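Hello,

Here is the structure we talked about passing on. Please look it over first; my notes follow below.

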Amino acid sequence: LQARYTPGHADDHMVYYDARNGCLIAGDMITDKGAVLIPPSHGDLAIYLNSLNSLTTLQLTVVIPAHGQPIIEKPNRFLLKAMRHRYERIHAVSHALVKAGGEARDATDITHAVYGRSIPDAVLVFAQLSVESSLHWLQNVGLVENRAHRWYAVENSLAEQAILDSLKQIDE
């Protein structure tokens, strides 16, 4: 059993890989339903995506998440779909700010723009944390700025291309 350091969801996250059987005990790296929460207070979406990407090269027959059912049908493809979902969400957050036409938005406004206004309150807090993680990712690549808890789109076509390139690589 190989221990692998996979930070991103948390600074100290580990997974365990049994190469002989192709079994990955994934902990909180993946779930069979929805997306893993990457809290901006102690997680990092860029690091999480790098950690998740490192797992896609393993020869997998099953992925066992901490939450949900084992993933036995095309587990490597499942990991790639999770990455794709994250990059699509990052792109949706970026698009919501670009659509605002230079007007400042707070994280709640952006969350409603991405997920819709009908999102239940019980889920809203988690959706907003996901949006905030995406905003930090976008800030680190120079696509958005944060001033006084309000977010602005920044004109940077190279950074936008980084998101699209990441999606293209997953598809290949």
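The side chain of Thr111 comes to 2.7 Å from the backbone oxygen of Ala107. Bear in mind that this is a predicted model. Thr111 lies in helix α3, which covers residues 107-115. Is Thr111 buried or exposed? Its relative accessibility is 0%, and the limit for buried is under 20%, so Thr111 counts as buried. Leaving aside residues up to four places away in sequence, Thr111 touches Gly116, Leu124, Ala127, Gln128 and Val131.

Val131 also takes part in a contact between two helices, α2 and α4. Helix α2 spans residues 75-99 and helix α4 spans residues 121-140. Two packed helices are described by the angle between their axes and the distance between the axes. For α2 and α4, the axes come within 9 Å and cross at roughly 80°. Angles of 65 to 115 degrees count as roughly perpendicular, and α2 and α4 are therefore roughly perpendicular to each other.

On the α2 side, the contact is made by Arg86, Tyr87, Arg89, Ile90, Val93, Ser94 and Leu97. On the α4 side are Ser130, Val131, Ser134, Leu135, Trp137 and Leu138. By type, the residues of this contact are eight nonpolar, three polar and two charged.

As for α2 itself, its 25 residues reach 36 Å from the first C-alpha to the last. That is close to the 36 Å expected at 1.5 Å a residue. Just after α2, Gly101 has a positive phi of about 65°.

Regards

Terms used
Residues numbered from 1 in each chain as written. Predicted model: local features only at pLDDT ≥ 70, side-chain atom pairs only at ≥ 80, totals over all residues. Heavy atoms only, no water. Axes fitted to C-alpha atoms, helices over the stretch in contact; angles between N-to-C directions. Helix = DSSP H or I, 4+ residues; strand = E, 2+ residues; numbered from the N terminus. Parallel < 35°, antiparallel > 145°, perpendicular 65-115°, else oblique. Contact = heavy atoms within 4.5 Å. Nonpolar A, V, L, I, M, F, W, Y, C, P; charged D, E, K, R; others polar. Expected span 1.5 Å × (residues − 1). Buried < 20%, exposed > 50% of the residue type's maximum accessible area, 1.4 Å probe, protein only. Polar contact = N/O pair within 3.5 Å; in protein donor to acceptor, adjacent residues only side chain to side chain.
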